[in-house]
Amino acid sequence: MQATSTQSFFSLLLGKPSSPMERGNQTRVRNFLLLGLSEEPDLQPLLFGLFLSMYLITVLGNLLIVLAVSSDSHLHTPMYFFLSNLSFVDICFTSTTVPKMLVNIQTQSKVITYEGCLSQIFFFIVFGCLDNLLLTVMAYDRFMAICHPLHYTVTMHPRLCGQLVLGSWCVSVMGSLLETLPVLRLSFTNTEIPHFFCDLPEVLKLACSDTFVNNIVVYFVTIVLAVFPFSGILFSYAQIFSSILRISSARGKYKAFSTCGSHLSVVSLFYGTGLGVYLSSAATSSSRTSLVASVMYTMVTPMLNPFIYSLRNRDIKGALGACLVRVATVRDEGIGLSGVVGAQY
């Protein structure tokens, strides 16, 4: 009975045709066309330079955060452990969409394979959900640090931190599979995606078969992996602000708020741009109007996160400075060693 119900569930998700005639009528496209941000030829070099610069800044900035946290023993705390994971996820999140867009601009090709499009959808959802969940975990960490400081070190032990991150990965992968697998049941006639990456809502609009199951799954996953985590963040900060207001000294209030100010800025930026994408898509049927909001959500937010955390955090700035000094020292030693070896020969 259990095996039958499981098989029926996946049959509903995948929408397997029940007859040979329906199987023959299904259309499986080989490629999609990503129309990109603009079709103007004169704008392509500008767009390529702009987004290549943004991508390199994003990768370098977040990579420096990861290196700084891993190399400085003073930053081996739950807050910075979650921050380094968030930075790694931001690199992956941006790398899911931007390199393909840059290749398309450079080669003047708009083609992405069917398998490549599904892969892009899958990984985009995985890393988007991970951003949601890691920001929620970081809010819980700040809640424990400010509202229950005496129990913080006992509660937020390394094993729990590792379990929270691992659980976030598992839940994100499962949620992404739930949204991606039903796409396999769809047939397509129009293959032009008015976007610079395979955004699931845009792909569903192109389907010539029924997308009811897909939309239900998307709404369900969105509620579970976006609305619930955001509600958890709001609850955590409601408790945090309540605890801060009970602190008598102004200096104590400032110190308590400064420990979560960077995270609050990142949360506002992440959910603000995400809400902008949703509202711009809901307000009009034109897909072009949501492109700017999508750029903010997929590229600008991951690029700004390292600056937000490094500019507002003395520990991160100190670790980054020490890391850069160490790199410069190794480089100078390498140059000196090369000179000595060259002189000997």
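This is a predicted model: local features need pLDDT of at least 70, side-chain atom pairs count only at pLDDT 80 or more; totals for chains, interfaces and linings use all residues.
Reader: Does α4 pass α6 in a left-handed or a right-handed crossing?
Author: Left-handed. Residues are numbered from 1 along each chain as its sequence is written, and side-chain values use heavy atoms, with hydrogens and water left out.

Reader: What counts as a helix or a strand, and how many of each does the protein chain have?
Author: Both are DSSP runs, numbered from the N terminus: a helix is H or I with at least four residues, a strand is E with at least two. The protein chain comes to 13 helices and three strands.

Reader: Why are α4 and α6 called roughly antiparallel?
Author: Start with the value: they pack at an angle of about 165°, with their axes 9 Å apart. Axes are lines fitted to C-alpha atoms, for helices over the stretch in contact, and angles run from 0 to 180 degrees between N-to-C directions. Under 35 degrees is roughly parallel, over 145 roughly antiparallel, 65 to 115 roughly perpendicular, and the rest oblique. So α4 and α6 are roughly antiparallel.

Reader: Which residues of α4 and α6 meet?
Author: Contact means heavy atoms within 4.5 Å. From α4 come residues including F82, L86 and F93; from α6, residues including F127, L134 and D141. The classes in this contact are 15 nonpolar, two polar and four charged residues. Here Ala, Val, Leu, Ile, Met, Phe, Trp, Tyr, Cys and Pro count as nonpolar, Asp, Glu, Lys and Arg as charged, and the others, Gly among them, as polar.

Reader: What about α3 and α4: what makes them a roughly antiparallel pair?
Author: Helix α3 (residues 44–71) and helix α4 (residues 78–95) have axes that come within 9 Å and cross at roughly 155°. They are therefore roughly antiparallel. Their crossing is left-handed. Among the residues that meet are Y55, L63 and V69 in α3 and Y80, F88 and I91 in α4. This contact has ten nonpolar, six polar and one charged residues.

Reader: How do you know whether N85 is buried or exposed?
Author: Compare its relative accessible area with the cut-offs: under 20% is buried, over 50% exposed, and in between partly exposed (1.4 Å probe, protein chains only). N85 lies in helix α4. Its relative accessibility is 17%, so N85 counts as buried. Neighbours within four places in sequence aside, N85 is in contact with L134 and V165.

Reader: And D141: buried or exposed?
Author: D141 sits in helix α6. With a relative accessible area of 1%, D141 is buried. Residues up to four places away are not counted here; D141 touches P78, M79, F82, Y152 and M156.

Reader: Why is H148 called partly exposed?
Author: H148 has 34% relative accessibility, which means that it falls in the middle class. Its place is in the loop between α6 and α7 (152–155). The C-alpha atoms of H148 and S243 are separated by 9.5 Å, though these residues are 95 apart along the chain.

Reader: How much of the protein chain counts as buried?
Author: Of its 345 residues, 44%.

Reader: What makes two strands a pair, and in what order do the strands of the sheet stand?
Author: Two strands pair if DSSP finds at least two bridges between them. The sheet is open, has three strands in the order β2-β1-β3, and its pairing is mixed. Its edge strands are β2 (111–113) and β3 (192–193), each pairing on one side only.

Definitions and conventions: A crossing is left-handed if the near helix is turned anticlockwise from the far one by less than a right angle, and right-handed if clockwise.
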